[in-house]
Amino acid sequence: MKQFILSLSKNSLRPVVKLENWNNFRALLDTGALFPIWTAEERIINDLGGRMLKKDISFRGFGGSTKGNLYEVQKIVIGELIYPNTHIVACKDLSNVPFQLILSATMFQGLIYEIDTRHHKLNVTIPDDESNIRNLRIKDSNGRLHVLCHSRRY
């Protein structure tokens, strides 16, 4: 098993981490989220080499339905986890939040993670049968979005 620890923001009541290995973006860990969501300006995704896959997709969350653009980002790094060619939804409705990214629970599928608010830590354990290289894709099936996430063993 491998383990790594990220520091949670002490200035937030919610679990927000600074992604030091990925442009120092701030990310909220949302254990109820199905999709990773980009909340900052879309031009930043483009500057990172992201490419739009689909425009104006509808999805549910945040107490109702909303729309966003589906992107493929070359790489997202969360501690020791690497998500190559990952799909992410850019949502303009969230442009005023104090973080650039919402990390979905599906991104941690098969992993063990603990949100330690007492010590301001996010502890992540990668079991031996999982890899730190994660594949996350958002697919459209008959008008409904779903997410596929699995690790790749070499």
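**The pocket lining and beyond**

A: The lining of the second largest pocket divides into five nonpolar, four polar and three charged residues. The model is predicted. The pocket holds about 210 Å³ of space. L6, S7, L8 and S9 line it, as do V16, V17, K18, L19, E20 and N21. R26 and G79 complete the list. Two elements give two or more residues each to this lining: β1 and β2, the latter spanning residues 16–19. The largest share comes from β2, with four residues.

The contact between β1 and β10 (residues 121–126) runs antiparallel and is made by six bridges.

Two loops are worth checking for backbone geometry. The loop between β2 and β3 holds N24. Its phi is near 60°, a positive value in a residue other than glycine. N24 has a relative accessible area of 42%, so it counts as partly exposed. H120 sits in the loop between β9 and β10. Phi of H120 is also positive, near 60°, and H120 is not a glycine. With a relative accessible area of 25%, H120 is partly exposed.

Next comes β8. What covers strand β8 (residues 101–104), and on which sides? Both faces are covered: L101 and L103 are buried on one side, I102 and S104 on the other. As a rule, side chains in a regular strand alternate between the two faces of the sheet. Strand β8 pairs with β3 (residues 25–30) in the parallel sense, over four bridges. There, L28 has I102 as its bridge partner. Strand β8 also pairs with β4 (residues 37–38), this time in the antiparallel sense and over two bridges. In that pairing W38 stands opposite L101.

P98 lies in the loop between β7 (81–90) and β8. P98 is exposed, because its relative accessibility of 52% is over the 50% mark. The buried residues of β8 include L101. P98 and D128 are 30 residues apart along the chain, and their C-alpha atoms are separated by 35 Å.

Last, the charged pairs. Side chains of opposite charge can pair when their charged atoms come close. The structure holds four salt bridges. One joins R43 to D47, with the closest N and O atoms 3.3 Å apart. Both residues lie in helix α1 (residues 42–47), four residues apart, or about one turn of the helix. R43 is partly exposed at a relative accessible area of 46%. D47 is exposed at 60%. This pair is also part of a network of salt bridges that links E41, R43 and D47.

A second example is R51 with E72, where the closest N and O atoms are 3.3 Å apart. R51 lies in strand β5 (residues 51–61) and E72 in strand β6 (residues 64–78), so the pair ties together parts that are 21 residues apart in sequence. R51 is partly exposed at 47% relative accessibility. E72 is buried, because its 16% relative accessibility is under the 20% limit.

Then there is R134 with E130. Their side chains meet in a salt bridge at 2.8 Å, N to O. Where do R134 and E130 sit, buried or exposed? Both are buried.

Methods
Residues numbered from 1 in each chain as written. Predicted model: local features only at pLDDT ≥ 70, side-chain atom pairs only at ≥ 80, totals over all residues. Heavy atoms only, no water. Buried < 20%, exposed > 50% of the residue type's maximum accessible area, 1.4 Å probe, protein only. Pairing = 2+ DSSP bridges. 1 Å grid on protein atoms, 1.4 Å probe; cavity = no way out; pocket = protein on both sides within 12 Å on 5 of 7 lines; lining within 4 Å. Points joined across faces, edges and corners; volume = space filled by probe spheres on them. Nonpolar A, V, L, I, M, F, W, Y, C, P; charged D, E, K, R; others polar.
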